[in-house]
Amino acid sequence: MLVLIDDIKLRTERDFVPYVDTLFHNESINSLGDLTQLLLTTDEEIEFLVSDYDTIEDKEFASKVMKMLIDVSSARSNIKLTQM
């Protein structure tokens, strides 16, 4: 699965969480914690492709998401992170 994240989808937590929830049909993602738990337990191959990171509106939230993605991709070989 390829998950595209750009400055529009990661504008704020209010925008990001519902977007991610639509991608994982068998799971309910209501928070960043839910996404983290899913990524730490899934065996599905998932690549996060992040673009336009420097133009994201909510820098604090974007930093939390990126830290989580970096940590999860380091811990799990089936989770990849690519920044453009």
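**Salt bridges, sheet and core**

Arg11 comes out as partly exposed, with a relative accessibility of 30% (buried means under 20% relative accessible area, exposed over 50%, and partly exposed in between, using a 1.4 Å probe and protein chains only). Everything here comes from a predicted model, in which local features need a pLDDT of at least 70, side-chain atom pairs count only at pLDDT 80 or more, and totals for chains, interfaces and linings use all residues. Residues are numbered from 1 along each chain as its sequence is written, and side-chain values use heavy atoms, with hydrogens and water left out.

Arg11 has a charged partner: its side chain forms a salt bridge with Asp15, with 3.9 Å between the closest N and O atoms (a salt bridge is a side-chain nitrogen of Lys or Arg within 4 Å of a carboxyl oxygen of Asp or Glu). Asp15 is partly exposed too, at 30% relative accessible area. By this rule, the model holds four salt bridges. Another of them joins Asp71 and Lys67, where N and O come to 2.7 Å. Both residues sit in helix α3, four residues apart, or about one turn of the helix (helices are DSSP runs of H or I with at least four residues, strands are runs of E with at least two, and both are numbered from the N terminus). Asp71 is partly exposed at 40%, while Lys67 counts as exposed at 52%.

Now for the sheet. Three strands line up in the order β1-β2-β3, giving an open sheet with parallel pairing (two strands pair if DSSP finds at least two bridges between them). Val3, for one, has Phe48 in β2 as its bridge partner.

Helix α3 (residues 59-75) lies across β1, β2 and β3, and runs at about 135° to β3 (axes are lines fitted to C-alpha atoms, for helices over the stretch in contact, and angles run from 0 to 180 degrees between N-to-C directions; contact means heavy atoms within 4.5 Å). Next comes the nonpolar core (a set of buried Ala, Val, Leu, Ile, Met, Phe, Trp, Tyr and Cys residues joined through side-chain atoms within 4.5 Å). The largest one has 24 residues, and Ile5, Leu10, Phe16, Leu35, Leu39, Phe48 and Leu69 touch the most other members. At least two residues of this core come from each of β1, α1 (13-23), α2 (32-41), β2 and α3. The top contributor is α3, with seven residues. In soluble globular proteins, nonpolar side chains tend to be buried together. Leaving out residues up to four places away in sequence, Phe16 touches Ile5, Lys9, Leu10, Leu32, Leu35, Phe61 and Val65.

Asp6 is found in the loop between β1 and α1, and it is buried, with a relative accessible area of 18%. Which residue does Asp6 form a salt bridge with? The partner is Lys9, with the closest N and O atoms 3.8 Å apart, and Lys9 is partly exposed at 26%.

Thr12 is found in the loop between β1 and α1 and is buried at 13%. Its C-alpha atom is 5.4 Å from that of Asp58, even though the two residues are 46 residues apart along the chain. Thr42, in the loop between α2 and β2, is buried at 14%. Its side chain reaches the backbone nitrogen of Glu44 at 3.1 Å.

Key. A polar contact is a pair of N or O atoms within 3.5 Å; within protein, one must be able to donate a hydrogen and the other to accept it, and residues adjacent in sequence count only if both atoms are side-chain atoms.
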